There are 2 protein chains.
Amino acid sequence: MTKPMGPIPAGFTADADGMLLIGGRRADALVAEAGDTPLFVYDLGLVEAKIARFRAAFEGVHLHFAMKANPYLPLLKHVGSKVDGVDLASGGELAIAMAAGVDPAVTSFAGPGKRDADLEAAMRAGVTLNAESEGEVERALAIGTRLGIRPRLAVRVNPDFEIKGSGMRMGGGAKPFGVDAARVPALVKRIVKAGAEWRGFHIFAGSQALDAGALIEAQTATVALAAELAEAAGAEPPLVNLGGGFGIPYFHGEQALDVETIAAALAETLGKRPQVLANTEFAIELGRWLVGECGVYLTRIVDRKESHGKTFLVTDGGMQHQLAASGNFGQVVRRNYPVAIANRFGAGPESDATVVGCLCTPLDRLADDVALPDARPGDLVAVFLAGAYGLSASPQAFLAQQPAREMVVGA
Amino acid sequence: MTKPMGPIPAGFTADADGMLLIGGRRADALVAEAGDTPLFVYDLGLVEAKIARFRAAFEGVHLHFAMKANPYLPLLKHVGSKVDGVDLASGGELAIAMAAGVDPAVTSFAGPGKRDADLEAAMRAGVTLNAESEGEVERALAIGTRLGIRPRLAVRVNPDFEIKGSGMRMGGGAKPFGVDAARVPALVKRIVKAGAEWRGFHIFAGSQALDAGALIEAQTATVALAAELAEAAGAEPPLVNLGGGFGIPYFHGEQALDVETIAAALAETLGKRPQVLANTEFAIELGRWLVGECGVYLTRIVDRKESHGKTFLVTDGGMQHQLAASGNFGQVVRRNYPVAIANRFGAGPESDATVVGCLCTPLDRLADDVALPDARPGDLVAVFLAGAYGLSASPQAFLAQQPAREMVVGA
């Protein structure tokens with residue numbers, strides 16, 4: 001039985017031969033240039049279009065890039081130069097960001113398990129720390145005293161709400177992230193009293209949400225919470241990072257997020273914000289929404305085989321590079337990402353096939369019973385939505401297969 | 001509410017200080033020797049005990065190591081020298097095996113997506129190819145002709161049965177692995193007629209099974225199927241690889257596998273095997289059962305925090321090193337692996353805690369609401385059952401955290 005796939009994102013077309021074009025370039029030529037499959041191609045033109053769309057909608061709101069979504073250096077170099085800030089999740093990401101030419105002064109560092117060495121490296125570079133606990137604040141203050149550096153500290157808040165229907169819940173109830181809202185005012189007072197530079201709040205309520213209404217509700221609640229906490233702390237926050245949570249459609253039936261509606265609602269909310277936030281800047285931190293749709297994972301068909309009436313297309317890629325597409329990254333039910341035969345892009349479906357990777361495990365499935373044009377060994381399979389949480393979020397060493405290559409186009 | 005953990009495997013004790021001993025050595029001393037956490041320690045003494053147990057039970061049956069379970073070079077060097085064969089899943093694993101001093105002549109190579117370059121490298125080294133399709137056989141024959149090498153070819157069979165209750169189904173119905181049993185005799189005839197060296201069958205029906213009865217049933221059916229296929233092909237198989245599938249208990253309520261009962265049943269089955277298998281050797285291919293229990297993942301507590309009445313122990317490790325323990329590697333429902341506070345090993349539980357990694361994702365959970373002795377920053381958390389499908393099966397680059405170290409003890 002044919003199973004549906006998610007929607008292929010806009011911006012991908014074919015040339016007269018039916019070859020998939022990425023950033024205007026033929027998929028087979030990109031593979032030749034990279035040297036081999038498997039290959040991730042990121043179209044920076046699509047990222048720029050997303051940035052432009054954000055800028056047009058969210059006037060006056062800072063745009064941050066959550067680099068955990070895609071730390072590939074040439075991509076980060078490009079995106080980092082076009083956004084207002086980069087959000088880091090580790091000391092390792094700080095090193096990558098600095099190698100990409102990102103100014104540490106516009107970065108902030110969230111993460112519940114920052115080691116002393118991470119804190120020290122970040123403080124030396126002038127990174128804002130989104131403090132995840134009272135203990136972390138004390139460690140940062142002690143390191144600051146030892147090094148003679150004034151720490152730049154924001155407080156990550158564990159809000160009492162979450163984005164309804166978000167793919168991953170980051171707030172609401174007991175969480176390892178941030179400080180429970182009730183304890184935040186005391187912590188801000190402690191930071192201010194200790195002489196650290198207080199940078200404001202980081203309030204992240206969820207991710208991969210596709211419902212504009214739910215995001216509006218969460219952003220409205222976030223602004224209200226920031227005001228309430230600032231009042232209670234008696235300190236105006238220089239910046240409130242509203243988190244992100246903007247999703248992209250991965251699966252059949254999902255619809256793209258209406259960000260313009262969210263922007264309009266946020267403008268209204270900010271227009272009537274309480275006095276304590278009058279001088280506050282606001283940021284939205286995006287990863288998946290900015291770069292998820294720009295990436296295509298190209299892999300080559302090694303074998304086509306039949307088993308009990310079913311056709312399998314066996315590729316030289318798999319879950320070792322695209323774990324999420326195999327359904328093993330937080331999904332409860334496996335559903336199909338959009339895939340296509342890159343060298344017959346736009347051709348109508350001719351038969352059902354299951355696309356698998358080259359690993360000896362039944363988990364390694366890229367598309368299950370999907371309708372595709374007929375394909376054979378040597379053909380290229382394109383797995384879309386590979387721009388965020390792709391290669392870096394996958395078990396690349398598993399079974400010691402051919403490593404994936406990466407490249408950017410459209411810069 | 002306290003949730004149960006899986007059983008800590010036998011062979012781990014504490015010294016008078018309450019410090020966990022691995023291979024007779026203190027966990028904290030091992031961390032000091034390795035230089036830092038996170039650290040995987042593999043106790044080769046425990047692997048040797050497993051090998052000895054297999055040898056004592058399965059007289060005359062070859063023991064193969066499925067190196068995909070743990071390709072760490074010092075471990076592979078040791079284990080490779082004590083087993084009768086090593087099973088490979090990629091050209092990359094062949095290179096690692098050769099670096100470990102494994103004789104390619106005792107290796108076999110299974111995997112549905114072997115590229116021509118993989119086939120060529122394996123054939124040059126004298127590896128037996130477990131052919132996964134008719135197309136792969138033709139490619140191997142063509143490469144053999146081109147190189148002047150006689151391919152060593154076994155046929156991987158997709159059996160019509162599976163191991164009941166196995167963790168992962170590898171046979172039964174339409175599968176990307178092997179050749180449907182009905183088409184195998186014709187393929188064997190083709191191999192023999194083409195002048196290749198026919199090496200026999202590889203029949204793998206499942207993995208991570210804990211029910212001896214189900215494994216006995218599968219092995220009995222495998223021997224019968226091998227005989228039937230050999231008769232139909234008119235060719236005696238030199239070797240039948242019966243697959244593996246021996247599981248280890250990961251979760252609360254699971255019991256260790258009774259391998260002696262399986263061995264006795266297999267001896268009986270082989271004792272009365274059909275004439276066509278009279279000169280056949282038999283192999284069992286084990287990964288998880290051999291090495292899974294020998295490994296401990298040690299990570300350090302960076303923060304202890306409370307949120308809405310719940311205690312979180314935040315460590316410097318996580319799913320980037322132990323994806324399976326986080327419940328994101330084929331599990332439908334997340335359950336707790338056995339964990340302990342290594343420096344208070346054997347102390348009774350004092351309170352409930354949730355052990356998380358340092359990643360900014362709610363997926364990064366190592367143990368959920370488990371009863372532990374009280375622990376604080378600086379203490380070491382031990383996650384057991386980390387010897388198979390641990391580091392190499394995890395998204396190590398995710399969030400660019402501190403890399404994990406590995407070491408062997410007890411050699």
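This is a predicted model: local features need pLDDT of at least 70, side-chain atom pairs count only at pLDDT 80 or more; totals for chains, interfaces and linings use all residues.
Trainee: Why is the relation between chain B and chain A called that of a two-fold axis?

Mentor: A rotation of 180°, with 0.0 Å of shift along its axis, superposes chain B on chain A at an RMSD of 0.0 Å, and that is the relation of a two-fold axis. The residue of chain B that comes closest to this rotation axis is B:P395, whose C-alpha is at 1.9 Å.

Trainee: How do you know that the same surface serves both copies?

Mentor: Of the contact residues of chain B, 99% recur in chain A. The contact itself draws 71 residues from chain B and 70 residues from chain A.

Trainee: What area do chain B and chain A bury between them, and how much of it is on carbon and sulfur atoms?

Mentor: The two chains bury about 5,200 Å² between them, with 60% of it on carbon and sulfur atoms. Within chain B, the residues that lose the most area to chain A are B:R115, B:H308 and B:C360, which together make up 13% of what that side buries.

Trainee: What makes the pair A:R115 and B:D316 a salt bridge?

Mentor: The side chains of A:R115 and B:D316 meet with N to O at 2.6 Å, and the rule asks for a side-chain nitrogen of Lys or Arg within 4 Å of a carboxyl oxygen of Asp or Glu, so the pair qualifies. Across the interface of chain B and chain A the rule finds four salt bridges, and there are also 36 residue pairs in polar contact, both residues being at pLDDT 80 or more.

Trainee: Which element gives the most to the side of chain B that touches chain A?

Mentor: That is β16(B), with five residues. By class, this side of chain B has 29 nonpolar, 22 polar and 20 charged residues.

Trainee: Why is the pair A:E254 and A:R335 counted as a salt bridge?

Mentor: The closest N and O atoms of A:E254 and A:R335 are 4.0 Å apart, and the cut-off is within 4 Å, so the pair stands at the limit of the rule as the distance is given. The count between domain 1 and domain 2 of chain A is one salt bridge, and there is one residue pair in polar contact, with both residues at pLDDT 80 or more.

Trainee: What makes the backbone at A:P38 and at A:D369 worth a look?

Mentor: A cis peptide bond joins A:T37 and A:P38, with omega about -10°, and A:P38 is found in the loop between α1 (27–34) and β4 (39–43) of chain A. In chain B, the peptide bond from B:T37 to B:P38 is cis, with omega near -10°. As for A:D369, its phi is near 55°, a positive value in a residue other than glycine, and A:D369 is found in strand β20 (residues 365–372) of chain A.

Terms used:
Residues are numbered from 1 along each chain as its sequence is written. Chains are lettered from A and ligands numbered from 1 in the order in which they are written. Side-chain values use heavy atoms; hydrogens and water are left out. Copies are superposed by least squares on the C-alpha atoms of residues with pLDDT of at least 70 in both. Contact means heavy atoms within 4.5 Å. Buried area is the accessible area (1.4 Å probe) that two parts lose on being put together, summed over both. A polar contact is a pair of N or O atoms within 3.5 Å; within protein, one must be able to donate a hydrogen and the other to accept it, and residues adjacent in sequence count only if both atoms are side-chain atoms. Helices (H or I, at least four residues) and strands (E, at least two) are DSSP runs, numbered from the N terminus. Ala, Val, Leu, Ile, Met, Phe, Trp, Tyr, Cys and Pro count as nonpolar, Asp, Glu, Lys and Arg as charged, and the others, Gly among them, as polar.
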